[in-house]
Amino acid sequence: MTAAATPEPRRGRSGPPFADASPAQVRAALIPEEAAEFERDWRAALARAAETLDLTEVLETLESWRLVAQLTVAAGPEGHRAMYRRAAARLTGDDIPADEPLPRTKARLGL
């Protein structure tokens, strides 16, 4: 398996980078920990849409993850992880070790 190239941020007609990114482009831009989370969220939203015939949740899920992809590409993978650590440190007042697994750091933030 080869790693997918990180997509270049795209600008929509008048929108920010990733404004019109496809689900595949969003996934390719995410760090591995969040790519797995995106896939779970995406598949769950698609399954509910298949039952309800309502795409609202699918579109909201994609839009939310587009922002995460944009932030990830802008900061780079390590910068993105550091952003979570800084936020958790400010919220909790604790020092967050650089090697703390991202799911634990995000849990500190209620994410």
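Predicted model: local features only at pLDDT ≥ 70, side-chain atom pairs only at ≥ 80, totals over all residues.
How many aromatic pairs does the structure hold? There are two. In one of them, the ring centres of phenylalanine 38 and tryptophan 42 are 5.9 Å apart and the ring planes meet at 20°, so this pair is stacked. Planes under 30 degrees apart count as stacked. Phenylalanine 38 and tryptophan 42 are both buried.

Phenylalanine 38 also pairs with tryptophan 65: here the centres are 5.8 Å apart and the planes lie at 70°, so the arrangement is edge-to-face. Because phenylalanine 38 belongs to helix H2 and tryptophan 65 to helix H3, this pair ties together parts that are 27 residues apart in sequence. Tryptophan 65 is buried, as is phenylalanine 38. Here are the two pairs side by side:

| Ring pair | Distance between centres | Angle between planes | Type |
|---|---|---|---|
| Phenylalanine 38 and tryptophan 42 | 5.9 Å | 20° | stacked |
| Phenylalanine 38 and tryptophan 65 | 5.8 Å | 70° | edge-to-face |

Through these ring pairs, Phe38, Trp42 and Trp65 are linked into a cluster.

**How H2 and H3 pack**

For helix H2 (residues 32-52) and helix H3 (residues 56-92), the angle is about 175° and the axes are 11 Å apart. H2 and H3 are therefore roughly antiparallel to each other. On the H2 side, the residues making the contact include Phe38, Trp42, Ala45 and Leu46, while those on the H3 side include Leu62, Trp65, Val68 and Thr72. Sorted by class, the contact of H2 with H3 has 11 nonpolar, three polar and seven charged residues.

**Between and along the helices**

Which residue in the loop between H2 and H3 deserves a look? Leucine 53 lies in that loop. Most residues other than glycine have a negative phi. Leucine 53, however, has a positive phi of about 60° although it is not a glycine. With a relative accessible area of 76%, leucine 53 is exposed.

Setting aside neighbours within four places in sequence, threonine 72 is in contact with Ala29, Leu30, Ile31, Glu34, Pro77 and His80.

Glutamine 25 has its place in helix H1 (residues 23-29). At 22% relative accessibility, glutamine 25 counts as partly exposed. Glutamine 25 and arginine 66 are 41 residues apart in sequence, and their C-alpha atoms are 8.9 Å apart in space.

**The chain as a whole**

Finally, the overall picture. The secondary structure of the protein chain comes to four helices and zero strands, and from the N terminus on the elements run α-α-α-α. Of the 111 residues in the chain, 32% count as buried. Among contacts in the chain with a separation of 6 or more, 43% come from residues 24 or more positions apart. The accessible surface of the protein chain comes to about 7300 Å², and 56% of that surface belongs to carbon and sulfur atoms.

Technical notes: Residues numbered from 1 in each chain as written. Heavy atoms only, no water. Axes fitted to C-alpha atoms, helices over the stretch in contact; angles between N-to-C directions. Helix = DSSP H or I, 4+ residues; strand = E, 2+ residues; numbered from the N terminus. Parallel < 35°, antiparallel > 145°, perpendicular 65-115°, else oblique. Contact = heavy atoms within 4.5 Å. Nonpolar A, V, L, I, M, F, W, Y, C, P; charged D, E, K, R; others polar. Phe/Tyr/Trp six-rings, centres within 6.5 Å; stacked < 30°, edge-to-face > 60°. Buried < 20%, exposed > 50% of the residue type's maximum accessible area, 1.4 Å probe, protein only. Areas by Shrake-Rupley, 256 points an atom, 1.4 Å probe, with all protein chains shown as cover.
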